[in-house]
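Here are my notes on this model, jotted down as numbered points. Have the structure open while you go through them.

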Amino acid sequence: MATPVLNNGIFLRDTNYAASSHVDSYHLVNMLKNAEPMDLGPVDLWAMVQKVEMPLYQMSSFGGKNIINVDNARGEYKWQTPVVQDLPYIIDNSLTLDDAGDAITNAGIDGQTFQIKVSRREFGHGDIITYDKYNGYEMYITADDIIPAVNGFIYTVQLVNNDSSVGLNTGLYLTPGTKIFRKGSARGEYGERFSDIQIQSGFREYYNYVGGAEAHVHYSVSSRADLMIKGGMNSDGTVPVVEIWRNFDKNADPSITNLEGMVSKMGKDYVKRAMGNGTLSRSFLTAMESAHLTKVASDIETYLMWGQGGRVRQDGPDDLRLSVGLWKQLDNSFKRVYNKSGFNLDLFRSEIYNFYAGKVDFQGPDPKRQLIVQTGMGGMRMVNEAIKREAVNSGLLIQAADIGAITGKGMDLNFGFAYTSYVIPFLANVKFVLNPAFDNLHTNDIENPIIDGFPLSSYSFIIFDITDNTNDNIYMLKLSWDNQLKWWYQNGTMDYMGRSQGFQSSGQFNGYRVFMTQTMPAIWVKDPTKVLKIVMRNPITGGSF
């Protein structure tokens, strides 16, 4: 299997080792050693975890929280991905000679043993190996010594078959370069030697960094404007304010974005308890402050999604570094490009099946596995129409009133419904949710043109984690020592806190000034091979978003 290339990280180094059935402390120390940059540990590549023998992948596992505090002084972090070499292959098939001294071309007749030279010591005594898992002859590795040779290892094998008169044409099926698979192992009652494994592999190490850039904004209020605000711009004489609710419960549902949603999902009693124990707080900001806080948050969120990464040379001792955004990292994932005219649900059936084939046990007809597909408003409209067509063509009778499509009474009726999910039998329940990040307000007419009222990006479909572990593939990394919003003010002729006398001033300038900054966090896609992108072809360039 080819070595993966992950461009969401900067290549650091290769660390090679021999993983076998016999591991000592030296191997463990070299495999698991910690070093700067901050080590986030080994990452399984899900695309490579087939249901075959790959003990290397059992050495690491997924898990953990979705926010990682990076304590490296420069914000650098690293991770490792397993690098698996190709399967062992035949070096020489002519080691066993007949009475005339010629190579045996029909080996293994009547239980006779013969020898083959294999490139690596990856199999052990009692293993059953073959060149074709489906139709190939099976070879049993005998208890004879496995002999190291100059460029490989010599195995003594017997054929496993039901006809003692049939042999293996080594010149046809075991030509040099033929790859060899392990199919299983077998041992008799009197067997004295056991199977073991020897896999030559290693970790490929990458590093990246949480950028040192700060999203920032500032505003100033003149003396007259401040007096006008305090004099009352509202009809009732009050200062315009925005009510802010903050939830500090780490186990809270992330889909809850407002107080009404919290009450409906968690209940009034939860809200009362949260207010009492301090996990839910309420504060008030002026409309001016709220607008500028929103600007800082918008800058951070936009760059986390669409940032290209890189560095800007500064006059100071260090360059200004920007981290790579989520979309750029997802370019390393699996991508399917479709044409708008040919969009249908078969896109999801075929791509999801290709992901799962050989990696999970299929269940049905209605499995509990659920996949969340994020898309924009344009994609939601297309999916609604596609599911509706399938529902109508199913022949099932649907009563509109029973499903809530018709509400109201008499002459005041309301009609409307939307399809947001459907079941792929034996695969998964697929749920489509709206991600506003795909509906860019500012678009480019060439790279992200408007199509039927929505930008091209709005027609993208993303499954961030196609496995059952749906919450541990996308991480946010923050500097452990610099991740809070910084907010300060400078008083001139007016006081930010509203005092008219006895306040400290930092200058004779008019009014006061307010500054806000926050160091940008970074997004890390732990395993791009678990991500599926289905994107529309760009009608202008012919490429894809």
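1. Asp-452 counts as exposed, because its relative accessibility is 56% (buried means under 20% relative accessible area, exposed over 50%, partly exposed in between, with a 1.4 Å probe and protein chains only). You'll find Asp-452 in the loop between β24 (450-451) and β25 (454-455). Its phi is near 55 degrees, a positive value in a residue other than glycine. For context, most residues other than glycine have a negative phi.

2. A word on what we're looking at: this is a predicted model, where local features need pLDDT of at least 70, side-chain atom pairs count only at pLDDT 80 or more, and totals for chains, interfaces and linings use all residues. Residues are numbered from 1 along each chain as its sequence is written, and side-chain values use heavy atoms, with hydrogens and water left out.

3. Asp-110 is another one to check for backbone geometry: it has a positive phi of about 60 degrees and is not a glycine. Asp-110 sits in the loop between β5 (90-92) and β6 (114-118). With 57% relative accessibility, Asp-110 counts as exposed.

4. Now the sheet. Three strands make up an open sheet, ordered β13-β29-β28, with antiparallel pairing. On average, neighbouring strands here are turned by 15 degrees against each other, direction ignored (axes are lines fitted to C-alpha atoms, for helices over the stretch in contact, and angles run from 0 to 180 degrees between N-to-C directions).

5. Looking at one pairing in detail, β28 and β29 (residues 512-519) run antiparallel and are joined by six bridges.

6. On to charges. How many salt bridges does a search of the whole structure find? The search gives 11, a salt bridge being a side-chain nitrogen of Lys or Arg within 4 Å of a carboxyl oxygen of Asp or Glu. One of them pairs Arg-336 with Glu-351, with the closest N and O atoms 2.8 Å apart. Arg-336 is in strand β18 (residues 334-338) and Glu-351 in helix α8 (residues 346-356), so this pair ties together parts that are 15 residues apart in sequence. Arg-336 is partly exposed at 28% relative accessibility, whereas Glu-351 is buried at 15%.

7. Within helix α9 (residues 377-393), Glu-385 and Lys-388 lie three residues apart, about one turn of the helix. Their side chains meet in a salt bridge, 3.4 Å from N to O. Glu-385 counts as partly exposed at 33% relative accessibility, and Lys-388 is also partly exposed, at 24%.

8. Lys-486 forms a salt bridge with Asp-482, the closest N and O atoms being 3.0 Å apart. Lys-486 is partly exposed, at 28% relative accessible area, while Asp-482 counts as buried at 19%. Separately, a network of salt bridges links Asp-346, Arg-349 and Glu-390.

Notes. Pairing = 2+ DSSP bridges. Helix = DSSP H or I, 4+ residues; strand = E, 2+ residues; numbered from the N terminus.
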